[in-house]
Structure formats: C-alpha cells, structure tokens
Amino acid sequence: MPSTEHEMPLEFLRNRPELAALLLERSFGVCVPDYDETRLASGDCTDNQPKEYRPDGVVVLTNAGIDRLAVVAEVQRTKDERKRYSWPVYLATLRARLQCPALLLVMCPDETTAKWAGEPIDMGHPGWHLVPLVLGEQRIPVVTSVDEAVAVPELAILSALAHGGEVKETLVACAEALESVPADLFRLYYDFVATALSGAARRNWDELMRTTERYQSDFARKYVSIGEAQGEARGEAKGEAKS
C-alpha cells in the first residue's frame, strides 16, 4: 500500500494541477508555454504487451483547448533501477498520445534518492540522454510570504517540510495557509504536516503551535467542527440504512 509520504504530493497535484507548472518555473527555470487551464490526464501508458506502464500522475497544460505541455509526476522515495526504463516510456507514450511536449518531474523526499534520480538515462541512441527534473528538498521554493502561502497552500506545505528547520518563517506561512483551506482539506493537510515534519523543523513547528494561541484555538475548533460533521454524516447514514 502506498505510504502517506508517497501519496500526499500527488494529492497536492490532484487538488491544484497548476502546482506542476509553478514548480517547473520556480525550481528549474523551465519556460512553460502560455496556458489558461490545467487538468489531470490519464496516466495509462500500457502498450500491447501484458506489462502495464502507469506513472504516478500526469498534469496537462492547455491553451485555447489545445494541449501545450504534459508533465509526468513521479514520487520516488528509494532507488529503483526499473524506473530508468519505465520513465522514458511514460514520456514517449504521452507525447505521442497528446501530441505535445512532455517533461518528467520526479519528487524525492531525500537528497540521496534525488541525486540518483537525476542521473542522465542513456537511451542508447547517439546523443540521446534523458535527464529527469528532480525536485529534492534543495530545489523546493522557500515560501515565507503569507499571501503566497494562502494563494498556493500546497506549495507552502512543501516549503515548510523542506526548509522549516532553518527558515521558521516558512512554518508561519504554512500555518496561515492551513487556516485558509476548506474544511474538507484542512484535516488531511494538517495531519500530513504534523506527521511528516522531523528534526529541527518538527521542533520549530511544535514551538509555533505551543506559543501561538490563535493557532491552538483555530486549529482545535476546526478539528472539532470537522469531527462533529463527520459524526453527523455517519449517524444519518446509519439511520437511513436502518430505515
């Protein structure tokens, strides 16, 4: 079963597909094409052979209804040499199906895996090497602006996880972003932050929660209200089933 650490970055992309474009621009300096819409696309890259090829996620940038760029998003937590053969398949298949350029964005939680994932893949053809765009901690943007955090909470969370040990302002921005998200996302995002933070970032977060009365009361109130809403929903469902 996929872990929370694997699934949450993909959940961020599902909830905010334009996050892929922001990461490409800010972390790698990629000049993405003009777009007026982002959408999730099928990641089915299965060919006629029994083996199935399916990336973790695919985001497509479109403009005036035309696909301009496909972003294959992979979350890689450990080294896996098989990916050096499947990643090129994802790109080639989606490029042919959507008839637009395709990029590979690999998100890695630790620098050792990130270094491995970023090694060029020799495709065998002269002069053809695939160099994955790897998003390790060092490449995640530092978000300290509350306005920016509220505008893109998912980016603020990634920033806090990567830089919260050294830049406490990223944790403040993350907390403000959590306050702004809808109730159905608050508990999911808050629980992820509370469990994924470690080391100095974890200690800084605990201190922020302990010393800031507003966060204590607001977050607690949200938890209670969400729990009550879920309890009422379960009660109504049981009542309907009994009837």
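A salt bridge is taken here as a side-chain nitrogen of Lys or Arg within 4 Å of a carboxyl oxygen of Asp or Glu. The model is predicted, so local features need pLDDT of at least 70 and side-chain atom pairs count only at pLDDT 80 or more, whereas totals for chains, interfaces and linings use all residues. Residues are numbered from 1 along each chain as its sequence is written, and side-chain values use heavy atoms, with hydrogens and water left out.

**View 1. Salt-bridge network of E7, E11 and R14.** Salt bridges link these three residues, E7, E11 and R14, in a network. The structure as a whole holds 12 salt bridges. Side chains of opposite charge can pair when their charged atoms come close.

**View 2. Salt bridge between D67 and R39.** The two side chains meet with an N to O distance of 2.8 Å. D67 belongs to strand β3 (residues 66-75) and R39 to strand β1 (residues 37-40), so that distant parts of the chain, 28 residues apart, are linked (helices, H or I, of at least four residues and strands, E, of at least two are DSSP runs, numbered from the N terminus). D67 is buried at 18% relative accessible area, while R39 is partly exposed at 28% (buried means under 20% relative accessible area, exposed over 50%, and partly exposed in between, with a 1.4 Å probe and protein chains only).

**View 3. Salt bridge between R82 and D80.** The closest N and O atoms of this pair are 3.0 Å apart. R82 is exposed, with a relative accessible area of 63%; D80 is buried, at 17%.

**View 4. Salt bridge between E176 and R214.** Here the closest N and O atoms are 2.4 Å apart. The pair joins distant parts of the chain, 38 residues apart: E176 lies in helix α7 (residues 168-180) and R214 in helix α10 (residues 213-242). E176 counts as buried at 17% relative accessibility, and R214 is partly exposed at 39%.

**View 5. The largest nonpolar core, with 51 residues.** A nonpolar core is a set of buried Ala, Val, Leu, Ile, Met, Phe, Trp, Tyr and Cys residues joined through side-chain atoms within 4.5 Å. L178 and W205 have the most contacts inside this core. Its largest share, seven residues, comes from helix α8 (residues 183-196). Because domain 1 (57-136) and domain 2 (140-239) both contribute residues, the core lies between them; the domain bounds come from an automatic or database domain assignment.
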